[in-house]
Amino acid sequence: MNILLIGGCSNFTNNLIVKLNKEGHRVYLLTGSRDRKQPYQKAFERYHFPYNSNVLSEIFESISPDVTIFMGAYDTNFNWKEESDAVRFSAGMMNIMMGYLMSNSGKFIFLSSEQVFEEHCADNITENVEPVPKGMKSIVLSQAEELCMNHRKNLGRDIVVLRLDNVYGIPDSMADVTDCCTRMCLEALDRNVITIQENHVLSMIYVADAIEYIYRVVAKNRSEHGLYHISSKQPVSERELAEVVRKNTWFNIEIVSTSSTEKRIVLSPTRFEEEFGTTFLCDRDNIIKKITDHMRKYKRVFLYGEKKKKSLHERLMENMDEFLRSVVPFLENFIAFIGFFMLNNRAVGSTYFSNLDTYLLYVLLFAIVYGQQQAIVSATLATAGYCFRQMYDRTGFELMLDSGTYIWIAQLFILGLTVGYMRDTITKLRREQVSEREFLSTQLSDIKDINDSNVRVKDALETQLVNQNDSVGKIYRITSRLDHYSQEEVLFYAAEIIGELMKCKDVAIYTVSNAHSSYARLFSATSAKAKSMGNSIKYAELGEVYEAICDHKVFINRKLDERYPLMANAVYDDAGAMQVIIMIWGLPWESMTLGQANQLVIISSLIGSAMVRANKYLEVLEHERYVEGTRLLDSDAFAALVEAYMSAEKKGYTDCSVLEIVSKEDMDYKKAANEISTILRHHDYIGRARNGKLYVLLSNIDESEAGPVVKRLAEIGYESIIMGESNR
């Protein structure tokens, strides 16, 4: 299988690479950093890009991984000491997830930890228990888990979250000192003191066991669940661990308790064992002994950050390439010298080649190919060969007295050094040009990215200025159309206007009739999706939605929880009472921004103003609309109301039904209206038409649902007929 492993360099990551390589898989590595000198284990291919790089989608597309593993909580690219790490992790997680989803390939495994739980739990924690994060890291990890689970549920992808319970191992450097055990060993080495939480109980799993269990998930085609706990299921207190560490040190260690608060966090691996089986391999006390021995042996590495000294064999293997590159030119020089020495001996007695200086050619050749260093070596060998050949016919003393010998040697070295210097200079210039080209290319790439970003911003601002789609002026111009409508029509057409301004087809408007009941009824909706929460909701039970709108804030569903709308806001009257709840469902992800939220606030405020004006107008004309002392609307007001509802029903914004009350000769209309009103809802209406008959308008009820109301009317002595759409 092709496996993409994402994470910084660590003992955990390297052991996982070794395991995957042993199983015959092809491992690709995304390091999350541009540092190419990290000591990773051998992988088929390495990609040195940060997680926010725009090439992640191309990496996924080129690899088409069968399994993607993100180290997550164990990624050493994040030290979790600054808030910026939380931002970088969240952005990187989202970019990685988008790259995976766009590639549409394989399984995705996210490694989380027990750190998402930070409160005492008497029993082992199962996967059904909700996380209780408090710290920065735990909150970010919890959000990453929710992101994975939501995508698994909504998109049906094989995404798995593995919570590992206190992974520990033998550290290679300070970057690996992250677990409770290695922390205690480091404290013992540094201060001869181990600090513990007296009543803190935890469970630990050795890195080799954790990797074995992770591989079982990798090897399975599709997991039955999206979340598993991986734990040794062996609770141990911090004091017990400290005693084991003290036992394996050769000097006196003091154990100091910093807190006595009871805290027990132990993950339950029952679900994992039922599906994948279990085999606990490593003895904890024996591993802790190895950790203490190792950290004591390399004390200066962990206390002072010195590099770990390597064996002679390791140093030789690391420097073998450099050694060979250095030695090969000398070997070539010596071998070539033997050949030219033999040619020179043959040329001396030759009629045609006696004047040919083969040694000069030899020195020039190596000066041109390798530069000054090899020119000096070749000139020295040529001088030795020349002197050796001259001593066939003369003594060494005669050779030393011959001025021609020194002249020949001088010209040999001068030509060799000159040509070698020119070659070294040209090579240096070429390297500088290549380095400068790479630097300028990097700068050009950065400038292009910045320019692309600036162009996008410019285009967005230009579009906003030219089209005025999001300007307050245009919003006011559109919402001002509501001033011409009645109270009921304001809310019907408000849903249409919100959809137009927010570029969304799924808008619902709920009206709050009584703030004390905490119920709201659906008044109008632009689609079936917008009606998904039902005709009546108890908004006080909507959790995050209720908390946001009660604080006069816009709710944004960043977790993509399918139970809630993607955005919601409430409209309040002058007294601070909630009047209307606006819910939006069909927003694209890129539109769920603070800018869109602010736009919804402006729209809601303008709609609220239109409602206030309509209500004040109705209050002034109330004595003309209703028969005094009753809820009975006069003929003109009732006809206008029915017309408004029918118009909204034709556009799909609401449902309504009209019942005709069968008139009696001696019917007292005021008495009948008061009696009928007792069985109607607050948002139903009763009125007298121009033909003198009594009618009831039922809102949010179609003809198939009006039967129970007809029965209740019959029970109090009033026969009624459901009016068809054509007879209204």
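**Rings and a parallel sheet**

Ring pairs link F337, F340, F341, Y359, Y362, F366, Y370 and W408 into a cluster. (Rings of Phe, Tyr and Trp, the last by its six-membered ring, pair if their centres lie within 6.5 Å; planes under 30 degrees apart count as stacked, over 60 as edge-to-face and the rest as tilted.) This is a predicted model, where local features need pLDDT of at least 70 and side-chain atom pairs count only at pLDDT 80 or more, while totals for chains, interfaces and linings use all residues. Residues are numbered from 1 along each chain as its sequence is written, and side-chain values use heavy atoms, leaving out hydrogens and water.

Me: Which strands stand at the edges of the sheet, each with a single partner strand?
Reply: Seven strands line up as β3-β2-β1-β4-β5-β6-β11, with parallel pairing, in an open sheet. (Strands are DSSP E runs of at least two residues and helices H or I runs of at least four, numbered from the N terminus; two strands pair if DSSP finds at least two bridges between them.) One side of each edge strand is left without a neighbour in the sheet, so the names to look for are β3 (45-47) and β11 (227-230).

Me: What angle does the direction of helix α3 make with that of β5?
Reply: Start with β4 (67-70) and β5 (107-113), which pair in the parallel sense over four bridges. Helix α3 (83-103) packs on the sheet and touches β1, β4, β5 and β6, contact being heavy atoms within 4.5 Å. With axes fitted to C-alpha atoms, for helices over the stretch in contact, and angles from 0 to 180 degrees between N-to-C directions, α3 and β5 make about 160 degrees.

Me: Why is the pair of Y213 and F272 edge-to-face?
Reply: It's one of 25 aromatic pairs found in a search of the whole structure. The ring centres are 5.6 Å apart and the planes stand at 65 degrees, so this pair is edge-to-face. Y213 in α6 and F272 in α8 (270-276) are 59 residues apart in sequence, so the pair ties those parts together. Y213 is buried at 3%, and the angle that settles the type is 65 degrees.

Me: What type of pair do F337 and Y362 make?
Reply: F272 is buried, at 2%. For F337 and Y362, the centres are 6.1 Å apart and the planes at 45 degrees. F337 lies in α11 (312-348) and Y362 in α12 (358-370), 25 residues apart. Both are buried, and the pair is tilted.

Key. Buried means under 20% relative accessible area, exposed over 50%, partly exposed in between (1.4 Å probe, protein chains only).
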